[in-house]
Amino acid sequence: MSRFALSPLWELTQALRLLASEARQRDRAVLRPWLLRARDRYRALARETDLGVIDALNPPGWGADFLAPVPASVHTTIGDLLDQVRSTPADQAQREVAVALGRPPRIDPRVERILTSDRVAGYVADVLAAAWRALLEPEWRTLRAICERDVVYRAGQLASRGWAAALTDLHADLSWRQGRIEMSRWPAGADDDADLGGRGLLFIPSVFIWPRLALSLDPPWPPALIYPARGVSALWEQPGRTGPGTALHRLLGSSRAAILLALEDPASTTQLAATLGQSLGGIGDHLAVLREAGLVARARSGRSVLYRRTPVGDALAAAEL
């Protein structure tokens, strides 16, 4: 059975990979504002911690399995995943370290001594924890809200329109044909044809994978597809999308205009507060006004109440954009 999950640790390792290379940063134009913002924090982190250990286990095109354990659900936390890293059996860690040491370029001897020690898993977990605190923890509420909104949207697509619509909308390289998932650009090193054997797929939305896909078919991961979450570009561009002088701002005020634009996909008050940096109370008050004006509607989805634009709200947002 297919399911969705979130992986804060996968997001962290991908962000570290991007920050380590200016070339890869240029290849991620939409992420560029965050990468520029995080650059000084990354450089300070590199002076204080052994990021070389992570780089050796996380080069482009490959990564040690114990560096990013399988997330259990959309509620998986960074603490859950770091605990799994720390509890990696020593023999598994050393097998994966041996693979890393056999790949170019040659690893610094000091880093190699750390990697070949019996306590490498705990050391790696400590470095990852420090990187999390410096780079992603300050913005995780926002990043998580983007991924959660994507899961809500995808689940709704699957329920209402089926696999064909959900997968075609997920990424331009994906399609559904006669009960099969087809990819127009198959990841390097993967077989051209793979049978999931009834295991289903684990879908993981990601901010830092944009604009690509990552496919995992090898244990210990189940078959998994990591894909760009909807709204990544809006996350970085949101502050400049409306402001004093625009028609929507003059009509609604900056806070309500921002909420209306952010509701391109349904969202809860908590997700809107995290994305827009407004208080829960303020978001609730503004949503009440927008509902009274007929610009947004609300409906329950599981345990959450989600707000969405009405056709009138869509028309106003489209005129602004």
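Me: What makes the contact of Glu139 with Arg41 a salt bridge?

Reply: The model is a predicted one. In it, the closest N and O atoms of Glu139 and Arg41 are 3.3 Å apart. A salt bridge requires a side-chain nitrogen of Lys or Arg within 4 Å of a carboxyl oxygen of Asp or Glu, so the pair qualifies. The two residues link distant parts of the chain: Glu139 lies in the loop between α8 and α9, Arg41 in helix α3, 98 residues apart.

Me: Why is Glu139 called buried, and why is Arg41 called partly exposed?

Reply: Glu139 has a relative accessible area of 17%, and buried means under 20%, so the term applies. Arg41 has 26%; partly exposed covers the range between that limit and 50%, and Arg41 is therefore placed there.

Me: How do you know that Glu139 also forms a salt bridge with Arg37?

Reply: The N to O distance between their side chains is 2.6 Å, and the limit is 4 Å, so this pair is a salt bridge as well. Here too distant parts of the chain are linked, with Arg37 in helix α3 (residues 32-48) and Glu139 102 residues apart. Arg37 is partly exposed, at 44%.

Me: Why are α1 and α8 called roughly perpendicular?

Reply: Helix α1 (residues 8-19) packs against α8 at an angle of about 80°, and their axes are 10 Å apart. Angles of 65 to 115 degrees count as roughly perpendicular, and the pair is therefore described in that way.

Me: Which residues make up this contact, and how are they classed?

Reply: On the α1 side they include Pro8, Leu9, Leu12 and Leu16, and on the α8 side Leu128, Trp132 and Leu136 are among them. By class, the contact has 10 nonpolar, one polar and one charged residues.

Terms used: Residues are numbered from 1 along each chain as its sequence is written. This is a predicted model: local features need pLDDT of at least 70, side-chain atom pairs count only at pLDDT 80 or more; totals for chains, interfaces and linings use all residues. Side-chain values use heavy atoms; hydrogens and water are left out. Helices (H or I, at least four residues) and strands (E, at least two) are DSSP runs, numbered from the N terminus. Buried means under 20% relative accessible area, exposed over 50%, partly exposed in between (1.4 Å probe, protein chains only). Axes are lines fitted to C-alpha atoms, for helices over the stretch in contact, and angles run from 0 to 180 degrees between N-to-C directions. Angles under 35 degrees count as roughly parallel, over 145 as roughly antiparallel, 65 to 115 as roughly perpendicular and the rest as oblique. Contact means heavy atoms within 4.5 Å. Ala, Val, Leu, Ile, Met, Phe, Trp, Tyr, Cys and Pro count as nonpolar, Asp, Glu, Lys and Arg as charged, and the others, Gly among them, as polar.
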